[in-house]
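Reader: Could you take me through this structure, please? I would like to begin with the surface.

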Amino acid sequence: ARRDEERRREEERRREEESIREQEEEGQRRRESVRRKEEERRIRDQQQLDEDNLRKQQDEENREAERRRQAEEREAAQRRQADERRREDERQRDEERRSAEERRKEEENQRRIAENEIRMAEEKKIEEERRLAEQKRIEEERRLAEERRKE
């Protein structure tokens, strides 16, 4: 009976040790499971952080590229406007030069016309003076001839 009691106690002790060992193993498995889940969560969090950082970097690069593109468009528009103003200024200067040349030619033409009119008037005056002088000479000759005839 004593041996049965010792065997029973030994069996109970072994069962308790087995139970303790199983509880410790279960605890170890739980701790390992928790550790793995935490590691997976940490890895996921790091991946998410990396993705967020990459997305932020790409967004910033895209914004910078857009700013550069807009700046280039503004500069190109300013260059086009400056070119257009330059062409318009040049066209206006050309028009002013043509107008000035036309005015100069018209003034030169008017001056020539006026000179011709003055010259023609002077020639007419000289011709009239010659005619009058000739008429006077003829009248003087007639008078002299008339006087000689009377004498």
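Reader: How many of the residues count as buried?

Author: Of the 151 residues of the protein, 1% are buried, where buried means under 20% relative accessible area, exposed over 50% and partly exposed in between (1.4 Å probe, protein chains only). This is a predicted model, in which local features need pLDDT of at least 70 and side-chain atom pairs count only at pLDDT 80 or more, while totals for chains, interfaces and linings use all residues. Residues are numbered from 1 along each chain as its sequence is written, and side-chain values use heavy atoms, with hydrogens and water left out.

Reader: New topic: how many salt bridges does the structure hold?

Author: The structure holds 38 salt bridges, each a side-chain nitrogen of Lys or Arg within 4 Å of a carboxyl oxygen of Asp or Glu. One of them joins Glu-26 and Arg-29 at 2.6 Å, N to O.

Reader: Where do Glu-26 and Arg-29 sit in the helix?

Author: They are three residues apart in helix H1 (residues 2-150), and therefore separated by about one helical turn. Glu-26 is partly exposed at 29% relative accessible area, and Arg-29 is partly exposed at 47%.

Reader: Which residues form the salt bridge with Glu-128?

Author: Glu-128 pairs with Arg-131, their closest N and O atoms being 2.5 Å apart. Glu-128 and Arg-131 are also three residues apart in helix H1.

Methods
Helix = DSSP H or I, 4+ residues; strand = E, 2+ residues; numbered from the N terminus.
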